[in-house]
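Subject: Structure handover

Hi,

Here is the structure I promised to pass on. Could you open it next to this email while you read?

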Amino acid sequence: MLISSLITGFSPGSHSVAAHGSAPTEPVKREAEQMISVPPRHSLIKLTFPAIIHSDLDKEYSHVQDAAHIQVAKVYPVPPQRRTTVTAKNTDVPPSLSTSLSESRKTNVSAVTEAITNIKFVILGAVLLMLGGLFISSLLPPFSGAQSAAGAQARMASRLKATDPKIYETEPGKSIDLSVPIHPASSPDRGIFTFEEAPLVKKDSPLGDVSDTSAGLEASKSSQRSVSLSSAGSPSPALLRTTKSFFTLNHFECMNGPDDRVILRAKRSPYSDYGEIPLFLVPGVSLCDALVQELYTSVRQSPQKTLVFVVVETLPQASAYQQILEYALEKNFQIVVMSSQQIVQAVRTSQCPQVFEKIMASIAARNEYESMTPVENPHEFFGREELLDSLRHSVSHLQHIGLFGLRSIGKTSLLWQLREQLSQHIIAYIDLQHVPRNCSYLYREIVRECFRDASFKYPELVLPVVQDLDAGQQEHQSIQFIQTLTALWEALKLYRHDVKILLLLDEAECFTPTIEGQDHGFTGFHEFLGIIRGISQQYGFLVSMIVSSDPEISRLDTWKGQSNPGFQFYKEVFLPLLTENGCNHMIESLGAQMGLQYTEEALSRIYYETGGHPYITRQLCGVIAEMAGVHEYRAQGYSIQSREVENAISDYLEYKSDYLSSVWQRLSSVEQEILLTIATNHSCALKDLVSPAEDYDARRRRRKAISTLTENELVEKCENKYSIKMGLFERFVLASN
């Protein structure tokens, strides 16, 4: 037992030898038996142990009287990888040595157990990492080069086929080919999509290189280096094809000119009087005065009136507008700048003639500030970049949005810009003011918009065959609506698993009945909202956004005695007024197109009076431009001073206050009373607006009115006092009461 305890108790280390193998030879056994004196009463036992020898063994156990026990292990080592079996006589073991060896054995067992446990954790961690890698890789978008599995190829081949060019209707009974068919199977090594957070369209599709408005805004900030047309590079085939389609739909003939230049020839007056009209595409750079001068030099050949179209992706610099104005008024040389994003949108929505006429009308107009329609051109949209990013993030996470705010504050303009920045998704935009107030029509219109958008963005995709929804039976129609959208999404998700169908409902205040019961809303709106909510929660591909001036659609739990499916379903987003920087950017950019400049004092005064409300700001600046004689001064430039702003305020309140009057009339009597109190005192604390002497219901109504005014930014709270944010509105309230 001594030998077994001694040897197994040692731990391997430096100066040690371990041997495992067969039993020792007979001479070794006899010598071991001779060295150990065995009392007659003890029997012989067979011990099997690994012979582990320490060099300091004699020193460590020098106190043991019977040194023969140590001699056995020391004198008779066995070669490595062998197990030594020794037959020895049992003998007594000194108590001190037995205790020491027992503790050593326990330590060794603990160390081995801990090592085994660590190995288990390492193996478990490796397995988890492997499984995690497989799971993450399954979530990544499938690149076409990585789709090597036969099953994936078979599924893709079953959905995609070579199709004839898509034909789009331009006028009743007339149509035109807008795209060239694309065959994905002909380029298996090329990625179908460009992968970033927003644009996910094919590179060869009509939207491939021009759909990301946010990228264009970033490029405009760093494009000061562009000083020549050669540095602008060549336009993409997709942009060139879409631009030619746009002008073809507007009755222009596209021809190839010298130096790969595109020449247009109008088929109708008044543009046919210009003869050959050069078309320049300047992608990726910001148009500056040097580029405008180069355009003039390369085109101008005669003193006759000349027209040039320039398609750009980024906002032109103020110096470019000034140079364009100078050439137009002094040299009879008109340069028309167009946004590529606006052209793509016009082609996709079949609105090319309308958009073209709107662009040309803005050139003929003398006052760029006067605009009564939502902003389509991204070059005229300012100050909402952070909000657009937030909305894009919400859509990507299937968050339904309720966009609320005052009338004419820019909700529809924001919606149109968001539609362009989410062009990888299938989008159906419905203006509820201009459709019959019946959800049966709404179902059909949504399906029609979705399929039209999908056929334009993915022309090579084989769309499911869908019959027109049955307008006669409401129940069957809603079932068909669900099945149709699901079938469309099943076809789309083969391209990218996170492509969604986005439903944009504008002017949603007329969708639901009013609380007073004056308007009954759309027939079947309860079921419609329930279906939208159900599809989103069950399938996870449908996202809706409602735009309204009234947030009650997401706040009331019942409508007409029925449960409201929209209750607490939409994330409320109130469209804020522009920041001072965003407001100034809009004023200066639009003013530069008319040769107007503003001093810092003038800009500060305008912002104080308008509070950053985009529509009121443009109205006031329009009055300023008219009073400054913009028709006379814009060729050589004119600087607006603060005194001219002051003079324009009086004219605005007298002749242009219709919008302020409509805002006032839409307020409740309690809200009007609170605003009048604030305007009279210029600012008020809460205790001045909500008196403790009033009863509970009165105090609740007044608190709700203050909350509504704050949400719409008609009043703002600063240092525990409320004040009216727009100086013009405060003047109007005092003058009207």
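Predicted model: local features only at pLDDT ≥ 70, side-chain atom pairs only at ≥ 80, totals over all residues.

Residues are numbered from 1 along each chain as its sequence is written, and side-chain values use heavy atoms, with hydrogens and water left out. Helices (H or I, at least four residues) and strands (E, at least two) are DSSP runs, numbered from the N terminus.

Start with the five-stranded sheet. It is open, its strands are paired in parallel, and the order is β11-β12-β13-β10-β16; two strands pair if DSSP finds at least two bridges between them. The edges belong to β11 and β16 (571-574), each with a single partner strand, so one side of each has no neighbour in the sheet. From one strand to the next, the twist averages 15°. Axes here are lines fitted to C-alpha atoms (for helices, over the stretch in contact), and angles run from 0 to 180 degrees between N-to-C directions.

Within that sheet, β11 (residues 426-431) and β12 (residues 501-506) run parallel and are joined by six bridges, with Ile427 opposite Leu502 in β12. On to β13 (residues 542-548): β12 pairs with it in the parallel sense over five bridges, and Leu504 stands opposite Met545.

β11 is mostly covered, with six of its six residues buried (buried means under 20% relative accessible area, exposed over 50%, partly exposed in between, using a 1.4 Å probe and protein chains only). Ile426, Ala428 and Ile430 point one way from the strand, and Ile427, Tyr429 and Asp431 the other way. Helix α16 (residues 439-457) lies across β11 and β12, running at about 140° to β11.

Helix α15 (residues 411-421) is worth a look too: 11 of its 11 residues are buried, so the rest of the structure largely encloses it. Among the buried ones are Lys411, Arg419 and Glu420.

The other sheet is open as well, with three strands in the order β19-β21-β20 and antiparallel pairing. β19 (684-685) and β20 (715-718) are its edges, each with a single partner strand, so one side of each is left without a neighbour in the sheet. Two bridges join β19 to β21 (residues 721-724), and Cys684 has Tyr722 as its bridge partner.

Next, a helix pair. The axes of α20 (residues 600-610) and α21 (residues 614-627) come within 9 Å and cross at roughly 135°. The two are therefore oblique to each other (under 35 degrees counts as roughly parallel, over 145 as roughly antiparallel, 65 to 115 as roughly perpendicular and the rest as oblique). Ile606, Glu609 and Thr610 in α20 meet Ile616, Thr617, Leu620, Cys621 and Ile624 in α21, where contact means heavy atoms within 4.5 Å.

Finally, some backbone details. Most residues other than glycine have a negative phi, and most peptide bonds are trans. Ser269 and Pro270 are joined by a cis peptide bond, with omega about 5°; Pro270 is in the loop between β6 (262-266) and β7 (276-282). Leu398 has a positive phi, near 55°, and is partly exposed at 29% relative accessible area. Glu507 also has a positive phi, near 55°, but is buried at 17%.

Cheers
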